[in-house]
Amino acid sequence: MLSRRKLFPLLAGAALSAQAPKKRPNIIFIMSDDHAAHAISAYGSKINKTPNIDRIAQGGTRFANCFVTNSICTPSRGVILTGLYSHLTGIKTLNDKIDPAAPNVAKHLQASGYQTAIIGKWHLVTNPSGFDYWKILPGQGLYNDPVFIEMDGSRKKYPGYCTDLIGDFTLDWLKKRDRDKPFFLMCHHKAPHREWTPSAKYKDLFKDVEIPEPDNLYDEHKGRAGAAERSRMRVGQDNTKTDLKMDPPPGLEGNALRKWAYQVYIKDYLRCVQSVDDNVGRVLDYLDEDKIADNTIIIYNSDQGFFLGDHGWFDKRFMYEECLRTPLLVRWPGHTKPGTVNNDMALNLDFAPTFLDAAGAPVPKDMQGVSLKPLLEGKTPKNWRTEMYYRYWMHLGGGHSVTANYGIRTQRYKLIYYYGKALGSSGAVNQDTPPEWEFFDLKTDPREMKNLYSDPGSQKLIAQLKLRLAKLQAYYKDTPA
Ligand SMILES: [Ca+2]
């Protein structure tokens with residue numbers, strides 16, 4: 001006779017098989033590199049149109065407040081794959097590698113019966129693990145005639161433009177996939193990363209157009225922490241000839257140089273975005289042609305945001321809105337209501353748990369993110385987060401001289417602590433500075449131009465936020481500087 005323990009799973013199995021088996025969704029995660037939300041028309045861009053990325057917003061949910069936990073390429077990729085903060089992945093800077101033996105979301109999905117693939121920019125030093133198929137760029141990769149690393153370790157150069165090639169390889173894989181299994185596909189574009197080389201198709205786009213300037217292009221960072229002024233990411237002054245592909249007109253300096261360089265920079269950046277948008281469209285078209293759109297979750301995201309001349313800058317790394325925020329658009333027919341906007345606070349930390357939850361796979365308890373599935377279905381849990389923790393570590397590896405910082409962002413306020421170390425791009429110049437704080441009221445000052453840290457009326461609130469910051473830091477198992 002069967003024991004009760006043995007009988008129970010049999011009964012459970014019988015009950016399940018009586019229902020029609022629910023088809024698990026395919027998941028396509030398209031990620032670009034450095035694509036700010038304010039260069040996507042679905043996010044209200046004043047400078048370009050992205051008709052294909054917008055299709056995802058029209059058919060699904062646009063997250064208005066998705067943030068990264070560390071605004072830089074390699075660490076962000078580590079967070080997305082593991083659902084852990086950078087201090088736990090160990091991937092704190094561009095020089096850190098992902099441990100191939102450590103768990104990641106692709107491995108978990110693979111174990112639950114998914115076929116998994118990653119195509120494009122990987123940027124985590126060691127080769128991918130947990131993927132049935134991969135084809136990646138070495139490091140940053142090249143815009144034209146790029147080399148890709150194949151699964152057997154060989155390197156092959158492909159003629160053409162990187163964004164279009166990643167689109168080609170993505171479609172090739174989709175066509176050849178095993179149709180008996182659901183799939184998880186990561187399609188990672190290199191664009192629109194610096195040095196912003198457009199394709200031949202778009203080299204003359206915006207040629208005779210003046211792109212509107214952000215209202216704080218000539219920001220002098222008055223009243224802000226010294227970190228802003230110390231950083232080296234000023235449009236014009238800190239752009240290289242490789243960035244601008246030409247020398248500035250002779251005699252141009254100061255704001256006139258910035259004005260000129262902004263047009264050169266932003267046009268190339270937006271031209272690169274246009275190719276990404278085209279290739280998002282190709283994937284969407286394929287889903288329709290193959291009749292799998294109804295059972296496929298398609299996501300558009302960037303590894304973080306970017307300064308598009310905001311505060312006078314290019315690049316990212318700071319906790320300011322333009323690069324803390326990342327675009328997140330998700331279309332999941334039958335789950336997301338077309339054209340919805342979600343204002344809840346989502347993090348890239350949540351992506352791995354979301355993929356697993358959507359696939360019906362267990363979410364490991366040690367993952368620090370939370371599944372966004374209820375938000376996608378318009379049912380935000382009552383206890384959903386109202387504040388987030390951020391930390392930037394790249395001072396350890398140099399680059400743009402951005403001071404180490406961490407902070408808390410609530411729905412209305414932001415408190416940032418700069419803890420006093422910044423290395424120059426060469427990694428050699430150590431600028432030890434006293435720690436500094438910044439405090440912003442995002443409701444009255446959404447552009448973060450007024451640091452209220454010394455404002456007498458804000459002291460009580462700042463003291464409360466410091467306590468909350470310490471609590472968040474402890475909750476996520478990080479330690480103060
Ligand atoms: Ca990036």
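Let's start with tyrosine 269, which is buried, with a relative accessible area of 0%. Keep in mind as you look around that this is a predicted model. Phenylalanine 306 is buried as well, at 1% relative accessibility. Both count as buried because the cut-off for that word is under 20% relative accessible area.

What do these two rings do together? By the rule for ring pairs, the model holds 31 aromatic pairs. Tyrosine 269 and phenylalanine 306 make up a stacked one, with 5.7 Å from centre to centre and 15° between the planes. Find tyrosine 269 in helix 9 (residues 254–289) and phenylalanine 306 in the loop between strand 9 and helix 10, and you'll see a pair that links distant parts of the chain, 37 residues apart.

Now hop over to the calcium ion. Its donors come from Asp33, Asp34, Cys73, Asp303 and Gln304, at 2.2 to 2.7 Å. The angles among the six donor atoms run from 52 to 160°, and the site is irregular. Aspartate 33 sits in the loop between strand 1 (26–32) and helix 2 (51–59), while glutamine 304 sits in the loop between strand 9 (296–302) and helix 10 (321–324), so this pair ties together parts that are 271 residues apart in sequence. Aspartate 33 and glutamine 304 are both buried.

Ring pairs join Tyr85, Tyr389, Tyr406, Tyr417, Tyr419, Trp437, Tyr453, Tyr475 and Tyr476 into a cluster.

Notes
Residues numbered from 1 in each chain as written. Predicted model: local features only at pLDDT ≥ 70, side-chain atom pairs only at ≥ 80, totals over all residues. Heavy atoms only, no water. Donors = N, O, S within 2.8 Å, 3.2 Å for Na, K, Ca; no water. Tetrahedral: all angles 85-135°; square planar, octahedral: opposite > 155°, others 65-115°. Helix = DSSP H or I, 4+ residues; strand = E, 2+ residues; numbered from the N terminus. Buried < 20%, exposed > 50% of the residue type's maximum accessible area, 1.4 Å probe, protein only. Phe/Tyr/Trp six-rings, centres within 6.5 Å; stacked < 30°, edge-to-face > 60°.
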